[in-house]
Amino acid sequence: MPEVTVTLPASLASALGVSRELKIEAQNLRELIRALGERCGTTLTQRLLSREGGLNPFVNIYVNGRNVRFTGGLETPLKEGDEILIIPAIAGG
Amino acid sequence: MGTISHLECRECHRQYPAERLYFCPSCFAPLDVKYRYDGVRWTRSLFQNAPRSLWRYLDLLPIEDESKVVDIGAGFTPLIKATRLGQELGLRNLYIKNDTVNPTFSFKDRPAAVGVSKALEFGLKAVGCASTGNLAAATAAYAARAGLRCYIFIPREVEPEKIAHAQIYSPTIIQVNGSYDAANRLAAQAAEAYDVGVVNINLRTYYVEGSKTLGFEIAEQLGWQTPDHIVAPVGSGALLHAVSKGLEELEQIGLIGSSRVKFTAAQGEGCAPIVEAFRRGSDTVEPVEHPKTLAKSLAIGEPGDGIYVLRKLRECGGYAEQVSDPEIVEGIRLLAKTEGIFSEPAGGVVIGALKRLVEAGKVDSDETIVCLITGSGLKATDSLIPYLPRPLTTEPELGQVAQIIGR
């Protein structure tokens, strides 16, 4: 199972009482979000997903700098050493 | 002085104190500043002696310590009745809100002034932004005025005039080898890693409040009336949402009656994810990975406020229009030759969209329409030159001039 590094927004990590940077094992993004829930509490999984089970539209997740909305969304495959960034979907002004 | 009550999540409505929070930790949605509206005692006469800048609206801006206001004269720009452009398009009550005359020549002076002031209030020593160009110069200028360090993240494709303009204020410019969205992502990471107030990211909740003053001014300049229709350029959607919030706040404090403004969102073809979503009838915006439009200031492929624009358009019965590069240039030229106002391509998008509305019979000739012209054309002359006719050339002889003028 590939191990990846996940970086969370500082305020979210501190609200959850976890480190900003986490090492997680997962084959794809959907598994990663489930595993994050097991590690940090299921509320994190709920926050990252929409009610319909897709990706929360207010969250952007990047795998090695690429937005997963361009790489298969929750089915985006992960490989050893991937860097996952989770940030609020804020762009422009 | 600002009378903030709290920050409120736009989705789940959880409330938070007015601190350095830029998204809802519960659901990731944006936060809005809420004021103690019943404490705001605005009357029409109050504004007669108010500053001729956006700071005339300080009571509904999120700055609590007036000594932290950074002012180089942003806002209170002219609202001009566009008689000749109106005649050209068959519209009797057309207005141009001319935000090209701001201190850094775009509407971004408004949110940058508020964002940098808030950074001072929070005691920050450095600010920054992710920018398609206009915000770069605005943030750098207000940072210079405030004596703060400034870090600007720009994408690979920005008009050279906009880079030069930002550079003159001596910020640190970081040009990212990628799209605006890549620059924005990197700025967001920097905002998390360092104690920098990136105005449109981790100060965004406060920063966007500056843009709503466009709505306040339009209402005030129309004699505390709202127009029937506002045509707004849309990149992220933050401007349209902010103008709408401004009008709602004027209603809330009872200065205007019930506002029924219809909005049109205008985008350039090649980066029109909000227009596409509107046409599909969808509530979600599919991002554009490789934006390609002459309107580079609107080339935001992942528009943060896209869903709020969609909601607003549906609620008000508005429209969404996308225009091609040639239509953008035609719009810029039409505005310049009829009203003497030189807009950057985003304004060409607005005029092009208005033309489309007229041609499709979506606007009435008597409607009061306001077009938001948000940036100066001098910021983007390079991209216009290929579309402009060459000057006539002549020897310095009157005889030759006679062939031109005397014909």
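## Helix packing in chain B

In this predicted model, helix H7 of chain B, spanning residues 213-221, packs against helix H8 of chain B, spanning residues 238-252, at an angle of about 55°, and the two axes are 6 Å apart. Because angles of 65 to 115 degrees count as roughly perpendicular and those under 35 degrees as roughly parallel, H7(B) and H8(B) are oblique to each other. The crossing that H7(B) and H8(B) make is right-handed.

On the H7(B) side, the contact is made by Thr213(B), Leu214(B), Gly215(B), Phe216(B) and Ala219(B), which meet Val243(B), Ser244(B), Gly246(B), Leu247(B) and Leu250(B) of H8(B).

Chain A holds an open sheet of 5 strands with mixed pairing, arranged in the order E2-E1-E5-E3-E4. Its edges are formed by strand E2 (21-25) and strand E4 (66-67) of chain A, each of which pairs on one side only.

Strand E1 of chain A, covering residues 3-7, pairs with E2(A) in the antiparallel sense over 5 bridges, and within E1(A) and E2(A) Thr5(A) stands opposite Lys23(A).

## A helix across the sheet

Helix H2 of chain A, made up of residues 29-40, lies across E1, E2, strand E3 (59-63) and strand E5 (83-88) of chain A. Relative to E2(A), which is one of the edge strands, H2(A) runs at about 120°.

How values were computed:
Residues are numbered from 1 along each chain as its sequence is written. Chains are lettered from A and ligands numbered from 1 in the order in which they are written. This is a predicted model: local features need pLDDT of at least 70, side-chain atom pairs count only at pLDDT 80 or more; totals for chains, interfaces and linings use all residues. Two strands pair if DSSP finds at least two bridges between them. Helices (H or I, at least four residues) and strands (E, at least two) are DSSP runs, numbered from the N terminus. Two residues are in contact if their C-beta atoms, placed from the backbone, lie within 7 Å. Axes are lines fitted to C-alpha atoms, for helices over the stretch in contact, and angles run from 0 to 180 degrees between N-to-C directions. Angles under 35 degrees count as roughly parallel, over 145 as roughly antiparallel, 65 to 115 as roughly perpendicular and the rest as oblique. A crossing is left-handed if the near helix is turned anticlockwise from the far one by less than a right angle, and right-handed if clockwise.
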